[in-house]
Amino acid sequence: MLLEVVLKTLFILMIVVGVFAPIMTWVERKQSAMMQDRIGANRADVAGITLLGLLHPAADVIKLLTKEDVVPRGANRVMHLMAPVIAAVPAIVAFAVIPYGGVYQFGDHTLSLVVADIDWGLLYLFATGSLATYGAVMAGWSSNNNWSLLGGVRNTAQMISYEVTMGLSVVGIFMVFGTLKLTDMALAQDQTFRLLGFIEVFGLGMLPPWLDWIRLPNWGIFLQPLGFLMFLTCIMAENKRPPFDLPEADSELVAGYFTEYSGMRFGLFYMSEFIEVAVISGLLTALFLGGWAVPYLSQDTIIGAIAPIFGDGLATIVCMVLHVVTFLVKVIVMVWFQMLIRWSLPRFRYDQVMDLCWKILLPLSLANVFATALVMLAVGAA
Amino acid sequence: MTVESVLFYAFAGLSLLSALAMVGFVRNVVAGAMSLVVTMISLAGIYVLLEAHLVAVIQIMVYAGAILVLFLFVIMLLNLRSDDFGPVRPWQGVLKVVGAAVALGIFVVLLGVLPDTLPEVAELPEGFGGFRVIGVSLFTDYVVPVEVAGFLLLAAIVGAVILAKRSID
Amino acid sequence: MNPSALQFHVLGPVAFVSIGSLAVLLGEVFLSRKVDPGDKEVAEARIGSLLAAISTVSLLLAIYAAGFAFFHGTSAAFNPGNPMLSLDPLSSFAMMLVGVGALLSVWLSITYLPALHINHGEYYALLLLATAGMFVMISSVNMIAVFMGLELMSIPIYALAGFNRGNLRSNESGLKYFIIGTFASAILLYGMALLYGATGHTDFAGIRAAFDPSSPLAVAGLVLVVVGFAFKISSVPFHQWTPDVYEGAPTSVTAFMSVTVKTSAFVILLRFLTLALPEVGDDLNAVFWVLAALSMVVGNFMAIIQTNVKRLLAYSSIAHAGYLLVGFVAGTEEARAAVLFYLMIYMFMNLGAFGVVVALAQGGRESDRIDDFAGLAQRRPGLAALMTLFMLALAGIPGTAGFMGKFYIFSAAVQAGYIWLAILGVLTSVVSVYYYLRVPVAMYMSDDTEEEPAEASSSELVVLGLCALAVIYFGLFPNHDPLFDALRLLDLAGTAIAQVP
């Protein structure tokens, strides 16, 4: 039991911290180069082998580890040293509740591919997310530098504001799925629904049977399209990446709250940003893109189809691998999508960021909750 | 000692220590606020041990994640440094000692009296502490206070805006 | 919970007032969008009167709803299975009182706010929200509802006290009231938490059933609750905030909070003591005895040295809290009726006195020093006569309602055997005559100042007239007082609550 949890944790840590985060620095460079018609990182080499520039992350790590770790004069030493760690921890622990695979039956043993399968998974994510503010705040305050302080202040205001809307924008999701447990949400998204089913539900007429074949996966993005857009916006603003990078706006605040950081502590801030990109992708996948579900092929269908060939046990393992791969593919797509946004949009002005949150997203998210409730009431009554 | 009681004493000790630290850091306001964050998080840990999961999450989201962040926000806007405070006066030290003595006295008295008078621990009902049970009871039995709370927040927002807005048109 | 068993009419008064506040807020937003900057002042005055009209309608509806319940003897809880709010004779009577107090304050504000250049629509919204909070608190039979109502009452009033943003005294008033009020709320909440810990209930009936006077937890909780309420009714030694807050706040706000907050806090304290506590006996009575005596002595003696009418009236309100507490000490049916009666009388006397101060404000400034009243009798004889009437009534001169109020309370105290307290009350009342008469003396016997005092507007005259009528009516017809008899028979518990096991 304990071994299982440790293995699951190690797997997630390995994937996210060990693979995703370093590779993403490379992806980001390559993506920007592609979009700006450049070649991009390709110089780091070992004996002339460059591997498309894939050696750059390794070079980065060596550079950061060997750089001097400066604590500025007048800084609050303890807090300055602690801040990067406090920034990184909430990002990493968030992955504990995101399921990267389904629930599988091996004889008597049930294997659920999630580290902590708790009833209040979504709330746990919000709780850890709300603690993520402190890293930047402490960094900004403890550096004894006005740019850092301004970055910290901006960061506080931005994160507090967007947290509210982020919470409200997923209310619709847990209304339609009726749970806060992420594993249950993923199970629900393994199904499909009839695209025109509402016509029969509301008694507007009978559908010919062949229309039953026009179905959509039961994914959050199809049930809550507006919720998806708002959640995407908010969570990107929470992560403080362009176009929401006001706290670290390099043309205004040098580098914002981590102006005074160098060496591996700077690297830790950098890492935690990329880890958060991965977490966001995982979260978007779990909530809106069906998690590990293969579209149109539910778990039973897959196992049922291949069990005669492989036998029950092996079929389940194949299905499991398929699910994990599906999940990772979706996550990679979302990471790429975020990179695309990051290199496409210019930075907002500060008042625009706040206006977007309080004047547009907040009313919209409330309207979304009401609309969802009305539709569910109507469907329930019909 | 079970795992629960070990965790309980750990969280209780942590919350006490950090609360003391918060009072102690009078000169370094940010450090004080951060100690308060630790208090809030360890209280959330105690709530989890009491099976009150929703309360624990709300404790972290609202207190640690929102209210104290606002504290820090204000502290940083004011940019208070320790030399912004006046010099320590001798009677402040005396007051500290007196305060600590009174608190300790109350604690000892309560320790002697309270354990006998506490009501018995009730059997936990099904789904206790979950968001479902709490949600249902909030919107049925306690619907009036919930609605009043909505108006309360409205009043607070209107009041804050009218008092703090730079110019009223 | 069975939705069909819900008694929605219980929420009537609260709903009217809170919907009214929303209407005022929205109305302000949509009306002021079209304002042309050229004639801002005129447009603001017009919007202000319109918002006051909306508030008047919603308050009148609320008063009607409460009155309907009172005269039909309604007694019902919103959710009988788990009563939070109860509409019964006590709460509907108190809601009528508070509603009338709020209505008169709204009318006082119509021309006062423009005179101080603070004519913002949010004023009326906050006032209505505070009234809604009072309604909730008055009618609650559960600690949770009590606290929510108390906060909904207090928070708008903190903002209202600081509403005159350009004025340092108003800022001080708002801040001071906020900090001390929050402190009091915290003490109250702590007491409630201890009571819950000791009894396992938050509803009054449950607390009553499980209250154990020998439990230190329960007693500590009870003491903290009483202290919390003592802050709100501004009784000595929890009174220090009162003079500064009353003086600094805009006078219409002072008028509003001096009568309605006191009424609500006294009524809920009355309900809490009668419904939530078994006979605690002499111990609690001793506490109230001390509070009453201190309030009467300190309030009346401190008032003597004041030079500002609002401050003087603040100390007088502390003294009046003392008189009201005498009724709590006596604790009999007559005494409770006398307390309710006195709260009503006090409302008219105090609103009238503050109303005159309101009427004198002009050009962005108040005329609230006693010196400002010098020679008023020559310039504004009507206002001076009214002010004299209210001062005499507050002092308890026979022939005014103030005398009847004190008479009922002190006679109830004597009947219950608290002769010394009654004597102390009478003696301090005699002291009070001295400082109350200083205002008429200034008005009639000092020389005229050069400054032309303000003209009272028609809305202010209506309020002053109504208050004067009430003060004279209740003072002149003491022997046929059907209202007092009705109050004496008032069923404090209410059948709605009595059903709960």
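## Confidence and conventions

Within chain B, helix 4 (residues 90–117) has the lowest confidence, with a mean of 81, while helix 6 (residues 143–164) has the highest, at 90. Where pLDDT is low, predicted coordinates should not be read in detail.

Because the model is predicted, local features need pLDDT of at least 70 and side-chain atom pairs count only at pLDDT 80 or more, whereas totals for chains, interfaces and linings use all residues. Residues are numbered from 1 along each chain as its sequence is written, and chains are lettered from A and ligands numbered from 1 in the order in which they are written.

## Chain B

Helices (H or I, at least four residues) and strands (E, at least two) are DSSP runs, numbered from the N terminus.

Of the 169 residues in chain B, 24% are buried. A residue is buried if 20 or more other C-beta atoms lie within 10 Å of its own, exposed if 12 or fewer, and partly exposed in between, with C-beta atoms placed from the backbone. Among contacts in chain B with a separation of 6 or more, 60% are between residues 24 or more positions apart; two residues are in contact if their C-beta atoms, placed from the backbone, lie within 7 Å.

## Interface of chains A and B

In the interface, 19 residues of chain A are in contact with 19 residues of chain B. On the chain A side, the elements giving two or more residues are helix 4 (121–131), helix 5 (133–142) and helix 6 (146–169). That side has 14 nonpolar, four polar and one charged residues. Ala, Val, Leu, Ile, Met, Phe, Trp, Tyr, Cys and Pro count as nonpolar, Asp, Glu, Lys and Arg as charged, and the others, Gly among them, as polar.

## Nonpolar cores

A nonpolar core is a set of buried Ala, Val, Leu, Ile, Met, Phe, Trp, Tyr and Cys residues joined through C-beta atoms within 7 Å. The largest one has 209 residues, and L152(C), V339(C), Y342(C), I409(C), A413(C) and V471(C) have the most contacts inside it. Helix 13 (residues 333–360) of chain C gives the most to this core, 22 residues. A second, separate core has 114 residues, including A87(A), L123(A), A127(A) and A139(A).

## Helix packing in chain C

Helix 3 (residues 89–115) and helix 13 of chain C have axes that come within 11 Å and cross at roughly 5°. The two helices of chain C are therefore roughly parallel to each other, a term for angles under 35 degrees. Axes are lines fitted to C-alpha atoms, for helices over the stretch in contact, and angles run from 0 to 180 degrees between N-to-C directions.

Helix 3 of chain C contributes F93(C), L97(C), G101(C), L104(C), L108(C) and Y112(C) to the contact, among others from helix 13 of chain C such as L340(C) and M347(C). By class, the residues of this contact are eleven nonpolar, two polar and no charged.

## Backbone details

V236(C) and P237(C) are joined by a cis peptide bond with omega of about 5°. P237(C) lies in the loop between helix 8 (216–232) and helix 9 (241–248) of chain C. S234(C), found in the loop between helix 8 and helix 9 of chain C, has a positive phi near 50° although not a glycine. S234(C) counts as buried because it has 27 C-beta neighbours inside 10 Å.

D37(A), also not a glycine, has a positive phi of about 60°. D37(A) lies in the loop between helix 1 (2–35) and helix 2 (56–66) of chain A, and counts as exposed because it has 6 C-beta neighbours inside 10 Å.

Notes: pLDDT is the predictor's confidence in each residue, from 0 to 100. Angles under 35 degrees count as roughly parallel, over 145 as roughly antiparallel, 65 to 115 as roughly perpendicular and the rest as oblique.
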